[in-house]
Amino acid sequence: CVGIYKGIDGKSPFYNRLYTFQEKMIETPPWNISVLEDTVVQNIWTLAERLISKLGKVNIIRIDGRLNKDGFVMIELTPDIHMSLESIFFGSFNEDGYSPAELIDCIIQSTLKNYKL
């Protein structure tokens with residue numbers, strides 16, 4: 001799931017700045033969480049798969065970055081994912097039709113399936 005923040009103008013309010021702690025503290029932000037279609041971001045999935053294969057075993061991770069006319073630019077890898085519906089992680093999956101319970105179940109099932117001694 002590739003989540004984005006979308007402002008009332010339909011564009012990301014963070015196209016030219018970072019999503020800072022101060023932005024996160026706004027009670028009623030003027031943007032919402034949206035999801036990009038897989039067909040729009042197929043190259044991001046390819047880059048993510050290559051990155052994860054180079055890293056080896058990876059637990060839950062969020063890849064933060066910026067999508068521009070030249071493609072995707074990674075900003076950071078985030079293992080400490082905020083799990084609320086207001087977060088880009090849970091919020092994106094929720095917008096894509098996955099409830100928090102379904103997503104947590106998927107994470108658990110994936111962990112059990114991919115567990116290696």
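Residues are numbered from 1 along each chain as its sequence is written. In this predicted model, local features need pLDDT of at least 70 and side-chain atom pairs pLDDT 80 or more, totals for chains, interfaces and linings use all residues, and side-chain values use heavy atoms, without hydrogens and water.

Q: How many of the residues of helix α3 are buried?
A: Buried means under 20% relative accessible area, exposed over 50%, partly exposed in between (1.4 Å probe, protein chains only). Helices are DSSP runs (H or I, at least four residues), strands likewise (E, at least two), numbered from the N terminus. In α3 (residues 88-95), 6 of the 8 residues are buried, so the helix is largely enclosed by the rest of the structure. Among them are Ile-88, Phe-90 and Gly-91.

Q: What covers the buried residues of α3?
A: The cover includes β1 (2-7), β2 (31-36), β3 (62-68) and α4. Contact means heavy atoms within 4.5 Å.

Q: Which aromatic pair do Phe-89 and Phe-93 form?
A: A pair of aromatic rings is described by the distance of the centres and the angle of the planes. Rings of Phe, Tyr and Trp (its six-membered ring) pair if their centres lie within 6.5 Å; planes under 30 degrees apart count as stacked, over 60 as edge-to-face, the rest as tilted. The structure holds 9 such pairs. Phe-89 and Phe-93 are edge-to-face, at 5.6 Å centre to centre and 70° between the planes. Both are buried.

Q: Is Leu-112 buried or exposed?
A: Leu-112 lies in helix α4 (residues 100-114). Leu-112 is exposed, with a relative accessible area of 58%.
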